[in-house]
Amino acid sequence: MSPVSPTPKKNPVPSQAAPAPASRPQATASATAPRQGGGFGFLILLVIALLILAGLLYFFGVVPRIAASASLDREQKISSQRIVIYALARLAAPKVELPLPGTVEAFQQASIFARTNGYVKRWLVDIGDLIHEGDVLAELDTPEVDQQLSQAKATAEQAKAAVEIAQTAADRWNVMVKAHAVSQEEADEKNATLNEAKATLDADQANVGQLTALENFKRIRAPFTGTITYRNIEVGNLVSAGTGSAATGTTEIYRIAQTDPLRVYVDVPEANTRSIQPGVEADLHVPAYPDRVFHGEVVRSAGALDTTSRTLKTEIRVPNPDAALLPGAFAEVRLELVDSAPAILIPANTLIVNSEGTQVALIEDVGGQDKIHFLPVKVGRDFGTEVEILQDVKDGDRLVTNPPLDLNEGAVVT
């Protein structure tokens with residue numbers, strides 16, 4: 001077989017291919033226009049996406065790193081400062097309660113002694129009895145005084161008779177001297193005898209009055225209304241007039257106490273004396289009545305401090321209508337004091353006591369920083385956990401508690 005020779009390619013007919021170049025440019029222009037518009041939009045989207053990505057990277061990457069760096073700076077700054085604990089100074093309450101020990105005493109108390117010599121005939125009251133002013137407590141038998149009184153009365157009658165005789169003689173002599181029957185000297189003597197008789201009568205009558213008073217003292221009477229708290233007589237006892245002493249042998253017969261109202265005396269410290277005045281309220285607590293409060297008020301004070309204890313003796317009057325309180329009892333007295341200028345109180349553990357005196361470490365705000373300033377103070381009353389400061393410290397001041405020894409003036413603290 002003979003090889004087939006390839007068919008030669010025919011050249012395109014020039015007449016048919018001539019119009020083609022005129023139509024191709026239109027097709028290319030129409031295809032290129034949409035490709036350019038899509039590329040520009042894609043570029044805008046890409047820019048937006050990049051901005052969003054940059055924003056996310058900033059907020060989630062850069063911002064936390066900046067915050068962490070600032071926090072680290074703050075921590076480093078704080079770590080370089082002293083850390084202290086402080087407490088606030090506060091203003092004390094204007095009305096404070098001051099507890100003080102006190103002793104209950106009778107409003108009036110009297111020891112009764114005999115004012116005449118004699119024997120106890122009878123006694124009418126005993127301890128615990130309520131008696132009124134003028135009541136007879138006991139009667140004495142006074143035979144000696146009775147006889148002395150009878151003798152004094154007889155002597156007075158004799159003096160009275162002597163005065164009558166002298167008066168008659170003086171009158172007669174005065175008449176005769178006018179008639180020149182007797183001399184003036186004799187009349188003067190009679191008048192002098194009359195005056196002497198009158199003086200003797202006056203003396204005898206005074207003696208009768210004295211013995212009558214002693215006679216009346218045979219009935220021992222109550223000087224005021226109260227309660228018998230002591231009795232020391234029995235029927236037949238010999239009692240002597242006097243005020244009670246070992247030399248005379250006289251003894252106390254009765255003791256009377258007025259128990260309504262009662263007096264309670266307390267010793268107020270010098271720091272509280274400016275608040276003591278009549279009318280200040282006081283509450284009493286006694287061991288016998290643990291659940292009861294007795295109310296009273298201040299009536300007076302001594303007006304001067306005791307030089308030994310530097311306290312002011314103050315009297316409180318307490319009503320006792322039911323006789324629940326007994327004289328001699330111990331009482332805890334709580335005074336309700338109103339202070340017109342309340343003091344400043346600070347915790348006791350803020351005080352610094354050293355060779356420079358008593359100080360506190362005050363925290364002051366200086367240019368936005370807390371710095372230490374050591375402030376000298378004057379301490380008043382001590383309440384245990386708190387103390388009173390009398391100067392310089394103000395309400396709300398920040399004071400370092402348990403300040404360390406190496407804390408320096410002007411140190412920056414947290």
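E189 lies in helix α4, which spans residues 184–216, helices being DSSP runs of H or I with at least four residues and strands runs of E with at least two, numbered from the N terminus. This is a predicted model, in which local features need pLDDT of at least 70 and side-chain atom pairs count only at pLDDT 80 or more, while totals for chains, interfaces and linings use all residues. Residues are numbered from 1 along each chain as its sequence is written, and side-chain values use heavy atoms, with hydrogens and water left out.

Exposure
- E189 is partly exposed, with a relative accessible area of 48%, where buried means under 20%, exposed over 50% and partly exposed in between (1.4 Å probe, protein chains only).
- F60, which lies in helix α2 (residues 20–79), is exposed at a relative accessible area of 67%.

Strand β10
- Q258 belongs to strand β10 (residues 254–269) and is buried, with a relative accessible area of 16%.
- P261 also lies in strand β10, and a cis peptide bond with omega of about 0° joins D260 to P261.

Positive phi
- Most residues other than glycine have a negative phi, and most peptide bonds are trans.
- R310, although not a glycine, has a positive phi of about 55°; R310 sits in the loop between β12 (289–305) and β13 (311–318) and is partly exposed at 47% relative accessible area.
- A323, likewise not a glycine, has a positive phi of about 60°; A323 lies in the loop between β13 and β14 (330–338) and is partly exposed, with a relative accessible area of 43%.
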